Amino acid sequence: MKSAILQQTAHRPWPLPAGPWTMTQAWHDLLFAHWRVDPVALRKLVPKQLEIDTFDGSAWVGVVPFRMSGVRMRGLPPVPGAAAFPELNVRTYVRFGGKAGVWFFSLDATSSLAVFAARRFYHLPYFRAKMSCATQGDEVNYSSVRSHRGAPPAEFVARYGPVQSVELAVPGSLEHWLTERYCLFTFDSRGHMLRGEIHHEPWPLQRAEAHIDRCTMTTASGLPSQSDDAHLLFARKLVVLLWPFQRVG
(Lines give C-alpha, C1' and ligand atoms only; values in the text may rest on other atoms or scores of the structure.)
Protein backbone atom coordinates (compact mmCIF):
# COMPACT_ATOMS: atom_id res chain seq x y z
CA MET A 1 0.00 0.00 0.00
CA LYS A 2 2.74 2.47 0.99
CA SER A 3 4.76 1.68 -2.14
CA ALA A 4 1.68 2.33 -4.30
CA ILE A 5 1.25 5.74 -2.69
CA LEU A 6 4.90 6.60 -3.33
CA GLN A 7 4.52 5.72 -6.99
CA GLN A 8 1.86 8.43 -7.44
CA THR A 9 3.78 11.69 -7.53
CA ALA A 10 2.67 13.47 -10.69
CA HIS A 11 0.16 15.55 -8.72
CA ARG A 12 2.78 16.91 -6.31
CA PRO A 13 3.98 20.53 -6.64
CA TRP A 14 7.58 19.44 -5.91
CA PRO A 15 9.46 16.10 -5.75
CA LEU A 16 9.26 13.70 -2.83
CA PRO A 17 11.58 14.53 0.07
CA ALA A 18 14.97 12.86 0.19
CA GLY A 19 15.27 9.90 2.50
CA PRO A 20 12.64 7.48 3.79
CA TRP A 21 9.35 8.49 5.35
CA THR A 22 9.23 7.96 9.11
CA MET A 23 5.55 7.94 10.08
CA THR A 24 2.24 6.92 8.56
CA GLN A 25 -1.36 7.55 9.52
CA ALA A 26 -4.81 7.30 7.96
CA TRP A 27 -7.35 10.15 8.14
CA HIS A 28 -11.07 9.31 8.12
CA ASP A 29 -14.42 11.16 7.89
CA LEU A 30 -12.78 14.52 7.38
CA LEU A 31 -14.58 17.85 6.99
CA PHE A 32 -12.83 20.88 5.50
CA ALA A 33 -14.83 23.87 6.78
CA HIS A 34 -13.24 27.08 5.50
CA TRP A 35 -13.96 30.79 5.85
CA ARG A 36 -12.49 33.85 4.14
CA VAL A 37 -10.34 36.08 6.35
CA ASP A 38 -8.82 39.49 5.72
CA PRO A 39 -5.06 38.90 5.24
CA VAL A 40 -4.35 42.03 7.30
CA ALA A 41 -6.27 40.61 10.27
CA LEU A 42 -4.43 37.32 9.91
CA ARG A 43 -0.97 38.86 9.61
CA LYS A 44 -0.60 39.65 13.33
CA LEU A 45 -1.37 36.03 14.26
CA VAL A 46 1.16 34.31 11.96
CA PRO A 47 4.96 34.56 12.42
CA LYS A 48 6.43 37.30 10.26
CA GLN A 49 8.88 34.89 8.60
CA LEU A 50 5.95 33.23 6.83
CA GLU A 51 4.11 34.81 3.92
CA ILE A 52 0.31 34.71 4.17
CA ASP A 53 -0.91 32.69 1.19
CA THR A 54 -4.03 34.04 -0.53
CA PHE A 55 -6.50 32.96 -3.20
CA ASP A 56 -8.03 35.78 -5.26
CA GLY A 57 -6.92 38.25 -2.61
CA SER A 58 -8.43 36.43 0.37
CA ALA A 59 -6.76 34.46 3.12
CA TRP A 60 -8.61 31.43 4.45
CA VAL A 61 -8.97 29.78 7.85
CA GLY A 62 -10.03 26.14 8.16
CA VAL A 63 -11.60 24.09 10.94
CA VAL A 64 -10.90 20.44 10.13
CA PRO A 65 -12.39 17.63 12.25
CA PHE A 66 -11.57 13.99 11.49
CA ARG A 67 -10.33 10.82 13.11
CA MET A 68 -7.01 9.02 12.77
CA SER A 69 -6.11 5.35 12.63
CA GLY A 70 -2.99 3.31 11.99
CA VAL A 71 -0.67 5.95 13.44
CA ARG A 72 2.79 4.42 13.75
CA MET A 73 6.47 5.01 13.16
CA ARG A 74 8.09 3.24 10.22
CA GLY A 75 9.13 -0.31 11.10
CA LEU A 76 7.34 -0.27 14.45
CA PRO A 77 3.91 -1.51 15.55
CA PRO A 78 1.22 0.99 16.58
CA VAL A 79 1.51 2.27 20.16
CA PRO A 80 -1.61 1.54 22.26
CA GLY A 81 -3.35 4.79 23.13
CA ALA A 82 -1.71 6.73 20.31
CA ALA A 83 -2.67 4.77 17.18
CA ALA A 84 -6.31 5.78 16.70
CA PHE A 85 -8.13 8.88 17.96
CA PRO A 86 -10.19 11.89 16.85
CA GLU A 87 -8.35 15.09 15.97
CA LEU A 88 -9.48 18.61 15.13
CA ASN A 89 -7.23 21.31 13.71
CA VAL A 90 -7.50 25.02 13.04
CA ARG A 91 -5.26 26.15 10.22
CA THR A 92 -4.39 28.72 7.61
CA TYR A 93 -2.14 28.76 4.55
CA VAL A 94 1.34 30.19 4.20
CA ARG A 95 4.39 30.19 1.96
CA PHE A 96 8.12 30.02 2.62
CA GLY A 97 11.08 29.17 0.42
CA GLY A 98 8.89 28.71 -2.63
CA LYS A 99 6.70 26.11 -0.94
CA ALA A 100 3.02 26.53 -0.05
CA GLY A 101 2.10 24.88 3.24
CA VAL A 102 -0.04 24.87 6.36
CA TRP A 103 0.24 26.86 9.57
CA PHE A 104 -1.63 25.37 12.55
CA PHE A 105 -3.18 27.57 15.21
CA SER A 106 -4.27 24.53 17.22
CA LEU A 107 -4.65 20.77 17.04
CA ASP A 108 -6.96 19.06 19.54
CA ALA A 109 -6.84 15.30 20.18
CA THR A 110 -8.07 12.75 22.71
CA SER A 111 -4.78 10.87 22.99
CA SER A 112 -2.72 12.30 25.87
CA LEU A 113 0.32 10.42 24.60
CA ALA A 114 -0.03 11.84 21.09
CA VAL A 115 -0.51 15.35 22.46
CA PHE A 116 2.59 15.05 24.64
CA ALA A 117 4.74 13.66 21.82
CA ALA A 118 3.57 16.24 19.27
CA ARG A 119 4.23 19.13 21.62
CA ARG A 120 7.59 17.80 22.83
CA PHE A 121 9.14 16.46 19.64
CA TYR A 122 7.30 18.23 16.80
CA HIS A 123 6.69 21.63 18.46
CA LEU A 124 3.07 21.68 17.36
CA PRO A 125 0.28 23.38 19.38
CA TYR A 126 -1.61 20.23 20.38
CA PHE A 127 -4.24 20.29 23.15
CA ARG A 128 -6.06 17.52 24.98
CA ALA A 129 -9.81 17.38 24.43
CA LYS A 130 -12.82 15.19 25.15
CA MET A 131 -13.97 14.10 21.72
CA SER A 132 -16.30 11.72 19.92
CA CYS A 133 -16.68 10.87 16.24
CA ALA A 134 -19.46 8.50 15.18
CA THR A 135 -20.94 7.74 11.79
CA GLN A 136 -24.56 6.97 10.97
CA GLY A 137 -24.86 6.14 7.30
CA ASP A 138 -23.05 8.92 5.45
CA GLU A 139 -23.42 11.39 8.31
CA VAL A 140 -20.71 12.05 10.89
CA ASN A 141 -21.59 13.21 14.41
CA TYR A 142 -18.63 15.02 15.89
CA SER A 143 -18.05 16.61 19.27
CA SER A 144 -14.93 18.17 20.81
CA VAL A 145 -14.51 20.05 24.08
CA ARG A 146 -10.98 21.14 24.98
CA SER A 147 -9.80 19.89 28.39
CA HIS A 148 -6.13 20.93 28.29
CA ARG A 149 -5.16 22.64 31.53
CA GLY A 150 -4.42 26.34 31.07
CA ALA A 151 -5.49 26.42 27.41
CA PRO A 152 -8.23 28.71 26.05
CA PRO A 153 -11.62 26.94 26.05
CA ALA A 154 -12.63 25.68 22.63
CA GLU A 155 -15.58 23.61 21.45
CA PHE A 156 -16.90 22.12 18.23
CA VAL A 157 -20.18 20.22 17.85
CA ALA A 158 -21.51 19.39 14.39
CA ARG A 159 -23.13 16.92 12.04
CA TYR A 160 -21.73 16.69 8.54
CA GLY A 161 -21.44 14.47 5.51
CA PRO A 162 -21.05 14.30 1.72
CA VAL A 163 -23.77 15.41 -0.69
CA GLN A 164 -22.06 14.64 -4.02
CA SER A 165 -19.86 11.96 -5.52
CA VAL A 166 -16.06 11.91 -5.23
CA GLU A 167 -14.10 14.25 -7.48
CA LEU A 168 -10.46 15.24 -7.66
CA ALA A 169 -9.85 18.96 -7.34
CA VAL A 170 -8.87 20.77 -10.52
CA PRO A 171 -5.48 22.50 -10.33
CA GLY A 172 -6.03 26.24 -10.07
CA SER A 173 -9.38 25.86 -8.29
CA LEU A 174 -10.08 26.99 -4.73
CA GLU A 175 -10.68 23.35 -3.72
CA HIS A 176 -7.23 22.36 -4.95
CA TRP A 177 -5.60 25.38 -3.27
CA LEU A 178 -7.22 24.61 0.09
CA THR A 179 -6.43 20.91 0.24
CA GLU A 180 -3.42 19.91 -1.87
CA ARG A 181 -0.74 21.01 0.61
CA TYR A 182 2.39 18.93 1.08
CA CYS A 183 4.17 20.58 3.97
CA LEU A 184 3.58 22.33 7.29
CA PHE A 185 5.60 24.89 9.22
CA THR A 186 6.28 25.34 12.90
CA PHE A 187 8.99 26.78 15.19
CA ASP A 188 11.09 25.03 17.81
CA SER A 189 11.74 26.30 21.33
CA ARG A 190 14.74 28.31 20.11
CA GLY A 191 12.74 30.10 17.43
CA HIS A 192 14.10 28.11 14.50
CA MET A 193 11.62 27.50 11.71
CA LEU A 194 10.92 23.85 10.89
CA ARG A 195 9.24 22.35 7.84
CA GLY A 196 7.55 18.96 7.85
CA GLU A 197 7.02 17.28 4.48
CA ILE A 198 4.13 14.90 3.79
CA HIS A 199 2.86 12.84 0.89
CA HIS A 200 -0.45 11.30 -0.08
CA GLU A 201 -2.55 10.56 -3.12
CA PRO A 202 -4.80 13.36 -4.46
CA TRP A 203 -7.64 14.15 -2.07
CA PRO A 204 -10.86 12.18 -2.84
CA LEU A 205 -13.12 15.18 -2.25
CA GLN A 206 -16.90 15.45 -2.06
CA ARG A 207 -19.09 18.49 -1.67
CA ALA A 208 -20.41 18.51 1.88
CA GLU A 209 -23.22 19.72 4.08
CA ALA A 210 -22.69 20.59 7.74
CA HIS A 211 -24.91 21.59 10.64
CA ILE A 212 -22.53 23.29 13.08
CA ASP A 213 -24.22 23.66 16.45
CA ARG A 214 -21.26 25.18 18.28
CA CYS A 215 -17.81 26.29 17.19
CA THR A 216 -15.44 28.44 19.20
CA MET A 217 -12.30 26.94 17.68
CA THR A 218 -11.25 30.04 15.74
CA THR A 219 -11.96 32.64 18.40
CA ALA A 220 -9.99 30.55 20.92
CA SER A 221 -6.93 31.24 18.75
CA GLY A 222 -7.64 34.95 18.45
CA LEU A 223 -9.12 34.60 14.97
CA PRO A 224 -12.33 36.29 13.81
CA SER A 225 -15.57 34.44 14.51
CA GLN A 226 -16.92 32.38 11.63
CA SER A 227 -19.71 33.53 9.36
CA ASP A 228 -22.46 31.23 8.11
CA ASP A 229 -21.12 30.95 4.56
CA ALA A 230 -18.52 28.24 5.07
CA HIS A 231 -16.92 26.46 2.12
CA LEU A 232 -17.45 22.76 2.86
CA LEU A 233 -15.69 19.65 1.55
CA PHE A 234 -15.65 16.05 2.79
CA ALA A 235 -13.17 13.18 2.42
CA ARG A 236 -13.86 9.63 3.59
CA LYS A 237 -10.26 8.36 3.90
CA LEU A 238 -6.70 9.25 3.01
CA VAL A 239 -3.40 7.55 3.94
CA VAL A 240 -0.54 9.96 4.67
CA LEU A 241 3.24 9.54 4.92
CA LEU A 242 5.37 11.95 6.94
CA TRP A 243 9.09 12.79 6.89
CA PRO A 244 11.28 14.16 9.72
CA PHE A 245 11.04 17.90 10.31
CA GLN A 246 13.91 19.92 8.85
CA ARG A 247 15.22 23.28 10.00
CA VAL A 248 14.66 25.87 7.27
CA GLY A 249 15.13 29.18 9.07
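I started with charges over rings: Arg74 lies over the face of Trp21, 4.6 Å from the ring centre. The criterion I used is NZ of Lys or CZ of Arg within 6 Å of the ring centre and within 35 degrees of the ring normal. I also found Arg146 over the face of Phe127, at 4.3 Å from the ring centre.

Ground rules next. The model is predicted, so local features need pLDDT of at least 70 and side-chain atom pairs count only at pLDDT 80 or more, while totals for chains, interfaces and linings use all residues. Residues are numbered from 1 along each chain as its sequence is written, and side-chain values use heavy atoms, with hydrogens and water left out.

**Aromatic pairs.** I looked up the total and got 11 aromatic pairs. Rings of Phe, Tyr and Trp (its six-membered ring) pair if their centres lie within 6.5 Å; planes under 30 degrees apart count as stacked, over 60 as edge-to-face, and the rest as tilted. Tyr122 and Phe245 have ring centres 5.3 Å apart and planes at 65°, so I logged the pair as edge-to-face. Tyr122 is in the loop between α3 and β6 (126-136), and Phe245 is in the loop between β12 (231-242) and β13 (246-247), so this pair ties together parts 123 residues apart in sequence. Helices (H or I, at least four residues) and strands (E, at least two) are DSSP runs, numbered from the N terminus.

Tyr160 and Phe234 form a tilted pair, 6.2 Å centre to centre with 55° between the planes. Tyr160 sits in strand β8 (residues 155-162) and Phe234 in strand β12, 74 residues apart. I checked cover: Tyr160 is buried at 1% relative accessible area, and Phe234 is buried at 0%.

**Salt bridges.** I found 11 salt bridges in the structure. Each is a side-chain nitrogen of Lys or Arg within 4 Å of a carboxyl oxygen of Asp or Glu. Asp53 bridges to Arg95, with the closest N and O atoms 3.8 Å apart. Asp53 lies in the loop between β2 (51-52) and β3 (59-73) and Arg95 in strand β4 (residues 85-96), so the bridge ties together parts 42 residues apart in sequence. Asp53 is buried at 6%, whereas Arg95 is partly exposed at 29%.

Glu139 and Arg159 meet at 3.3 Å, N to O. They link strand β7 (residues 139-146) with strand β8, 20 residues apart. I have Glu139 as partly exposed at 27% and Arg159 as partly exposed at 32%.

Arg195 and Glu197 meet at 3.2 Å, N to O. Arg195 is buried at 17%, and Glu197 is buried at 8%. I then traced a network: salt bridges that share partners join Asp29, Arg67, Asp138 and Arg236.

**Cysteines.** How many disulfides does the structure hold? I found 0, with a disulfide taken as a pair of cysteine sulfur atoms within 2.5 Å. Cys215 is in no disulfide; its nearest cysteine sulfur, that of Cys133, is 15 Å away. Cys215 is buried at 18% relative accessible area.

**A contact.** Thr216 lies in the loop between β11 (205-215) and β12. Its C-alpha is 5.2 Å from that of Ala154, 62 residues apart along the chain. I have Thr216 as partly exposed at 33%.

Methods
Buried < 20%, exposed > 50% of the residue type's maximum accessible area, 1.4 Å probe, protein only.
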